Amino acid sequence: MASLLLRALRRPLRPFSSAPVSPIRFYSRTPSSSLLSSPFRLFSSAAASAAAPPSPAGTALDPGRIRNVAVIAHVDHGKTTLMDRLLRQCGADIPHERALDSISLERERGITIASKVTSISWTDNELNMVDTPGHADFGGEVERVVGMVEGAVLVVDAGEGPLAQTKFVVAKALKLGLRPILLLNKVDRPSVSEETCNEVESLVFDLFANLGATEEQLDFPVLYASAKEGWASLTYTKNPAADAWNMSPLLDAIIKHVPSPAANLEAPFQMLVSMMERDFYLGRILTGRISSGIIRIGDKIQSLRCTDNGTEKFEEGKVTKLMKKKGTSIIMIDSAGAGDIISVAGLTSPSIGHTVANVEVTNALPTVQLDPPTISMTFGVNDSPLAGRDGTHLTGGKIGDRLLAEAETNLAINVLPGQLSDSYEVQGRGELQLGILIENMRREGFELSVSPPRVMYKMENNQKLEPIEEVTIEVNDEHVGLVMEALSHRRAEVTDMGPVPGTTGRTRMSLTCPSRGLVGYRSVFSSDTRGTGFMHRAFLSYSKHRGLLGNVRKGVLISVGNGIITAHALMSLEARGTLFVSPGMETYEGMIVGEHSRDSDLDVNPVRTKELTNIRAPGKDENVRLSPPRLMSLEEAIGYVASDELIEVTPKAVRLRKRYLDANKRKMLKNKPKD
């Protein structure tokens, strides 16, 4: 494989082809498991071989023709679809819907996990567009890239209005002095009227005012669009004219309202690294916005970082490649100037937050300050009796290398040594973010054991503080009682409640709830609302500890036998609770095979077989009929396990088990209180 890539890169560059390029993703030390490792899928050696011809030497784009814009929104409000339409409007070849979602998990789940950068040309201007995630767990992606831009397009669903994550991304944009352009999306829905749009616009204005926006920021332009249909308008309409069925009004608004970057081409070159990925041939590929100066291939550059003792220089090198994302492809360039967003290859040590500059520069650029993580999990070696059968990466050293590589490209994740040998404490924003990391690792061939999520507390003035999240819930009226009862056990407090505008029989609730109370609640919520409700959450603040949670889970059925599970044994266990296994699966002592119908744990034998005798009995053998088991996904397992339990993760299976497999040892520790 490596020889093929080397031969491809040594060939002379050919004219750009419109065929889509499939990036090859890499991370250090584990080449065979690179498909999902790095969150930024911008460049690859394969893309380099199919890139367009380089630009003329010694040229740099006029900063006055550059616009750097981020697309920010709540989850499912239409950011990535909007990016597809903008790319198509500017002549890019879109191979499929959600073209920027290059990670397989993004396409499977329909969400954006990592920020993506691309550029499009419009009326002699270069628009560097940044597509950001909308889920609260991936807020670190928004924080890191929003510093690269001078403007933002705030996409809000005209039927739902601003939600929890909208507040988060708007706060980050306003804090950096950006003046967002409000785009009311999905106005083609039958339930959306002009009155609805006016009401949503007022809610956004109130949100801006509550977040301390300036007079200039409060005077934001408003556009109406249907990204799915591919049009935008300066005035409210549901059916624009045939010649106006395009995204031109939005592109023109970006040119008009987003300022060009304040750039000095005469100053020495400086760039803050905002994204990073690895490539076998090129090494580290560093992406960021050039703060000042011009960079050319062959220039001598250095790496700088801020320390407690000032600026530290830790590497010198030479620019070997300059690259830029154009539409859905990558082009090679010979030079780039201040204000542009480009990628540089030639250094081996810099990471996100470091400064790349000319050798005469002595000061590093200020780094991005991220919100602290709120939840942690412990990753360790899989030590169950079934370990080593499915995976290829089993040792603590390989697990540690993989986690450190992830922390290097994702600043929202912290990796610390665990209390036990070959274990690591991984801190993040939520169980979804850490669940994505675990899913990536199991697809790469890792086997590991994972502890349940633990909330990270703070102590201030001898008072225990815990992370509180803002939750927005919309359910049918008949499900309000169930949801309220479940959340009351999780120490939630209602701040607002009322009917959903424009609908009948739907209720919207705003609550504040401790992060520990929301762990594992999403699957319960989906079950309680029969899949008809939606719930969104975002970190709010640290507040006083609200006390112990109520009873949010029943006991479990624990296997005391080793071997193959039999239908004969499960037939007698069905009355005891809900089963997680089916006949033919393999089990071991200490593995969780079901949920008990009571609050206490129960030891059972799921491998018991029917006794055979040499005495003939009249009648026929009874026909065994079992209910389908409850097979848990990884996310459900993360939210389900208790403090004395672990998740065994392998490429082919996700199993629940007790931390201590021996029943006698568990009895000694049964009086230990749960978190």
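Q: In which order do the strands of the four-stranded open sheet with mixed pairing stand?
A: The model is predicted: local features need pLDDT of at least 70, side-chain atom pairs count only at pLDDT 80 or more, and totals for chains, interfaces and linings use all residues. Residues are numbered from 1 along each chain as its sequence is written, and side-chain values use heavy atoms, without hydrogens and water. Strands (DSSP runs of E, at least two residues) and helices (H or I, at least four) are numbered from the N terminus, and strands pair if DSSP finds at least two bridges between them. The four strands of this open sheet follow the order β30-β32-β28-β33.

Q: Which residue of β33 is the bridge partner of Leu-557?
A: Strand β28 (residues 556-559) runs parallel to β33, and three bridges join the two. Across this pairing, the bridge partner of Leu-557 is Leu-602.

Q: Which strands stand at the edges of the eight-stranded open sheet, and what is its average twist?
A: This antiparallel sheet has the order β12-β11-β17-β8-β9-β16-β13-β14. β12 (310-318) and β14 (329-332) are its edge strands; each has a single partner strand, so one side of each lacks a neighbour in the sheet. From one strand to the next, the twist averages 35 degrees.

Q: Which residue in the turn between β13 and β14 has a positive phi?
A: Strand β13 (residues 321-326) pairs with β14 in the antiparallel sense over four bridges, with Lys-326 opposite Ser-329 and Met-323 opposite Met-332. The two strands form a hairpin with two residues between them, and the turn residue with a positive phi, about 65 degrees, is Gly-327.

Q: Which residue of β16 stands opposite Met-323?
A: Strand β16 (residues 341-345) pairs with β13 over three bridges in the antiparallel sense. In this pairing, Met-323 stands opposite Ser-343.

Q: Which residues have the most contacts inside the largest nonpolar core?
A: A nonpolar core is a set of buried Ala, Val, Leu, Ile, Met, Phe, Trp, Tyr and Cys residues joined through side-chain atoms within 4.5 Å, where buried means under 20% relative accessible area (1.4 Å probe, protein chains only). The largest such core has 36 residues, and those with the most contacts inside it are Leu-154, Leu-184 and Phe-208.

Q: What share of the contacts with a separation of 6 or more joins residues 24 or more positions apart?
A: Contact means heavy atoms within 4.5 Å. Leu-154, for example, touches Ile-72 and Phe-208, among others. In the protein chain, which has 17 helices and 35 strands, the share for residues 24 or more positions apart is 74%.

Notes:
Axes fitted to C-alpha atoms, helices over the stretch in contact; angles between N-to-C directions. Buried < 20%, exposed > 50% of the residue type's maximum accessible area, 1.4 Å probe, protein only. Lists of a residue's contacts leave out its neighbours within four places in sequence.
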